[in-house]
Structures are given as C-alpha cells and as structure tokens.
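Please open the model in your viewer and keep the selection tool at hand. The tour moves from one stop to the next.

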Amino acid sequence: MLTNHLFTITTPLYYVNDRPHLGSCYTTIACDAISRFKRLEGKEVIFITGVDEHGQKIQRTAESNSISAEEHCNNISSKYSELWNTLNITYDRFVRTTDANHQNVVNQFFNNVKKSGDIYMGNQKGWYCVGCEEFKDISENTERPQCDIHKKDLEWRNEENLFFRLSKYQTKIEQLVTSNDFIHPISRRNEIIKFVSKGLKDFSISRVNVTWGLPVPGYDGHTFYVWFDALLGYLTATLNNGGEYKLEQLERSGWPADLHVIGKDILRFHAIYWPAMCMSAGIDIPTRIYGHGFLTREGNKMGKSLGNVLNPLTLYELVGIDPIRWYLLRDINFGFDGDFQNKRFIDLINNDLANTIGNLLNRTITMSRKWFNNKVPIVTVNGNELIKSKSVHTINIVRKELDRYNFLKASEGIIELAKQSNIYLNDNAPWVAIKNDENYDEVSACIYDVLESTRIIGILLQPLLPNLSSIMLKQLSYSPEKVWANDLVWGKLEQDIELPTPKPIINRLDTNIEI
Ligand SMILES: [Zn+2]
C-alpha cells in the first residue's frame with residue numbers, strides 16, 4: 001500500500017541509440033545517492049531506471065549496422081544494465097519499452113486519453129529531424145534546413161498523424177509549472193514558464209511509416225511517437241511488482257513518482273507534455289522534476305565526432321568506483337553544468353579521500369593501537385567539547401543538504417569535519433602528551449574523540465561513497481545499522497574493542513594519469 005514511507009525515484013529511460021556515456025552515468029549515480037540517502041532515512045524506495053528503445057533513429061542505426069532493431073536494442077540495453085551492476089547502482093526496476101507488458105500499459109493509457117476526447121486525426125506538415133524525433137518550427141520555403149543540434153539535413157514530412165490536445169491543458173499546466181515545488185532548480189523553472197506562456201500547441205503522438213514502434217490500437221499503419229511511448233515506461237516500471245499491469249493499480253504500487261531526475265534537454269517533455277498526458281489519462285502527476293545540467297570535458301562539449309567521449313567503464317577500470325562518485329557528486333553543483341577536468345579529478349581524489357580522510361583514519365587507528373593495546377581506548381575523563389559539537393553540527397548539515405540533493409555542500413561538510421579533526425589532533429599532539437604518564441586519561445579521551453568523529457564521517461559517507469564508507473567502518477570495527485539515525489549519535493563507538501591493522505582506504509592516483 002502507498003504510504004508516506006514510500007519514495008519513488010526515476011532516472012530518465014535512456015535512449016539506446018548508443019552505449020552509456022558519462023552523462024547517463026552521472027544522472028544514475030545522483031539517483032543512487034538520493035535512493036541510498038532516503039533508505040538510510042527510513043524510507044522504502046522504488047528506484048526506477050531503464051531504456052527507451054523505439055523510434056526511427058533506432059531503426060536507422062540498426063539498419064546501418066546491418067542488424068535487426070531488436071538485436072540492436074538487446075545489445076545496448078544490456079550495456080546499460082551491466083554498467084549499473086558494475087557500478088553497484090541500487091536500482092529496483094529496469095524497464096525496457098520493448099517489454100510486452102509495456103505495450104499493454106500504453107494501450108490502456110491511450111484509451112483513457114481518447115475517452116477524455118483529447119485525441120484527433122490531423123495533418124502534420126513540416127521539417128523533421130530524425131535525430132531529435134521532432135518537427136522543427138522552420139518555414140516550408142527554407143532551402144535544405146539543418147538541425148541546430150545534429151547538424152544534419154531536415155526531412156520534409158507531410159502526413160496524417162494523431163494529435164494530443166495539449167492546448168486544452170494550458171491553464172492547468174501554467175498553474176503547475178509556476179507552483180514552487182514542481183520544477184527544480186529554479187533557473188530551469190523560469191525557462192519552462194516562459195515557454196508555456198507563449199501558448200501550448202497540440203502535438204502529434206503517432207507516426208506513419210515508422211515500423212519500429214508500438215502500433216496504435218485502432219489506427220492501422222500508425223505507431224506511437226517515441227516520446228509518448230517512452231514516458232509511459234515509468235508507469236510500466238511502477239506496475240512491475242508482481243501484480244497485473246493495470247493502470248488502476250498505479251496508486252497502490254508507488255505512483256506518483258516523487259522525483260524524476262532528468263537532463264535539462266528533456267525538461268520540456270517531462271514538465272509540460274507528461275503532466276498534461278497524465279491529467280488526460282486520469283493519472284496522478286509526478287511530484288517533482290529535477291533537471292540537472294550537462295557535463296563538458298576540459299571546457300569542450302563531449303561528442304563522438306570530437307573523439308573526447310569519456311567511457312564510464314574505461315574510467316571505472318582505471319580508478320574504481322569511489323573516485324568516480326566522489327568527483328561527480330563533490331565537484332559538480334547538482335542542477336548546473338559541470339566540467340570534467342583531468343587534473344582536478346586527480347587532485348580532489350588525492351586531497352579529499354587519500355590525504356584528508358585517509359590519513360586521519362590511518363594515523364588515529366595507528367596511535368590507538370600503539371598506546372591502547374590494539375584497542376579503542378577506555379575513556380575516564382571528558383574530552384574537549386570541540387570535536388563532539390563539530391560532529392553533531394556536521395550531521396545536521398549533511399542531512400539537510402542531502403535532503404535538498406545538494407551533494408556538493410554535503411561533501412564539503414564531511415571534508416570540513418575531517419579537516420577539523422586533523423587540526424584537533426595536531427593542536428593536541430597526543431604523541432607528545434603520551435610521553436608523560438599523567439596525561440594518559442586525556443590522551444585516551446582525545447584519541448577516542450577523533451576515532452568517533454571518523455566513525456561519523458564513515459557513516460555520513462554511506463549514500464555518497466558506499467564502498468569507501470564500508471572500508472572505513474570495518475577498520476573502526478563498526479557495523480552500521482540500517483537506519484542511520486541510530487548511527488548518527490555521538491559516542492556509539494564501543495570502547496575497549498579490537499582495532500584491526502589499518503590499511504589505506506584508497507589508492508592515491510598518479511598525478512600523471514591520463515583519463
Ligand atoms: Zn536534431
């Protein structure tokens with residue numbers, strides 16, 4: 001049953017024209033961090049991802065590779081699911097729009113929309129880009145117009161298509177997009193408000209002569225426009241819970257989605273077309289749309305023709321998962337554009353993870369083992385309040401920032417606590433104090449406090465760097481509970497327990513490494 005404990009989040013359904021790139025990896029890792037955070041906060045999460053597989057573009061790509069569209073989709077879809085498994089993404093559902101159940105959902109949805117009187121047959125004339133799968137607003141008399149995005153000739157189309165009465169939803173969509181909660185971040189909201197204020201036009205939802213698509217029931221020769229079909233993939237995935245694929249079951253299956261995370265290029269489809277389609281079909285609209293920015297590389301757009309595309313799998317094989325996650329979440333301001341820079345990547349991993357956090361953990365455990373019989377010290381006097389209060393403060397900051405999907409601020413907070421803890425050690429110099437027996441109790445308290453702040457850092461890193469967090473906590477002989485509120489309490493590290501020999505938590509990256 002739907003409860004407020006449930007949180008449904010989606011990545012876009014990635015278009016299988018090509019194998020996954022760093023951009024899709026970024027979106028998915030961000031959704032994974034949000035999902036992990038929500039689970040740690042006690043929510044039951046439905047994390048949906050998948051692929052969008054229809055359309056003329058796929059058909060043509062397959063033809064040019066001399067394979068069937070089906071074979072092409074199978075190949076690329078498995079590249080996605082394999083990558084998410086390799087990267088330890090905790091998705092719950094992986095939907096393919098070629099699933100038989102999806103067609104069933106699309107047909108039900110279409111019938112609802114038709115019953116609402118929102119479908120009519122019309123003539124669609126105009127310049128079409130197959131790459132965008134979109135008609136362009138360009139005059140008929142233009143000679144050989146090109147797509148701005150794809151730099152390819154547009155094709156003239158003049159065909160009978162089924163249309164969706166988007167114009168009917170003008171007022172409702174206007175109200176929706178101007179509300180505070182629907183579109184994030186705010187800068188993107190303004191783009192959409194502007195677009196809607198110009199007046200919404202009906203759009204065609206079927207194509208003729210495109211065989212690689214779902215047939216429209218009752219209209220021979222028509223297949224669904226790829227976007228109409230793809231957006232419904234979210235519903236199919238939500239219904240994939242062992243029951244029947246009936247739209248009436250949506251509400252009890254976790255719909256509406258609490259959060260659609262998408263790239264800014266597909267915001268219009270999600271923030272305008274999609275809610276209007278849901279309204280027409282009598283389905284709840286998603287709660288929030290988050291449009292994140294684009295990734296460039298060393299200041300340049302990444303693209304096949306430029307030969308500078310970063311293959312996430314190659315990067316993973318080179319550096320492992322923690323550096324990739326840390327860089328994407330820590331360096332890019334979620335919601336805004338980001339630039340991947342080789343040097344910055346190496347510096348961040350080495351400074352933050354190897355030096356600041358890694359050294360803190362390593363030297364504190366080493367001292368504790370050396371002076372306290374390989375154990376966490378027993379504390380008999382109160383330590384300095386400083387590290388305790390900084391830790392508690394950091395817990396609040398990190399939870400607040402993660403709740404706003406501000407990974408950058410959350411990571412900064414964690415690093416700040418690690419830096420403060422290092423400073424605290426340096427200022428107290430327990431390696432000097434321990435030489436005098438009288439200081440034994442104070443040194444015990446000092447070491448315990450830093451071990452404890454390090455444990456809190458390890459806990460706070462769980463949604464961002466699950467792998468590194470688990471390595472850290474093992475070295476502290478600490479097993480986290482499932483809901484982190486129980487772990488995020490000062491003083492949970494048991495005294496007088498064995499600490500294993502510390503090992504570096506991450507390999508330093510060679511500064512000459514070429515990514
Ligand atoms: Zn185009």
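How many salt bridges does the rule find across the interface of domain 1 and domain 2? The rule finds two, a salt bridge being a side-chain nitrogen of Lys or Arg within 4 Å of a carboxyl oxygen of Asp or Glu. This is a predicted model, in which local features need pLDDT of at least 70 and side-chain atom pairs count only at pLDDT 80 or more, while totals for chains, interfaces and linings use all residues. Residues are numbered from 1 along each chain as its sequence is written, and side-chain values use heavy atoms, with hydrogens and water left out.

Select residues 6-293 as domain 1 and 343-486 as domain 2, bounds that come from an automatic or database domain assignment. Their centres, taken over C-alpha atoms, are 44 Å apart. About 1,200 Å² is buried between the two domains, 66% of it from carbon and sulfur atoms; this is the accessible area (1.4 Å probe) that two parts lose on being put together, summed over both. On the domain 1 side, select Phe37, Leu40 and Glu41, which lose the most area to domain 2 and together give 49% of what that side buries. Select next Lys38 and Asp403, which form a salt bridge with their closest N and O atoms 3.6 Å apart.

Now go to the zinc ion, whose protein donors (N, O and S atoms within 2.8 Å of the metal, or 3.2 Å for Na, K and Ca; water is not among the atoms, so sites may look incomplete) are Cys129 (SG), Cys132 (SG), Cys147 (SG) and His150 (ND1), at 2.1 to 2.3 Å. Along the chain these donors follow the spacing C-x2-C-x14-C-x2-H.
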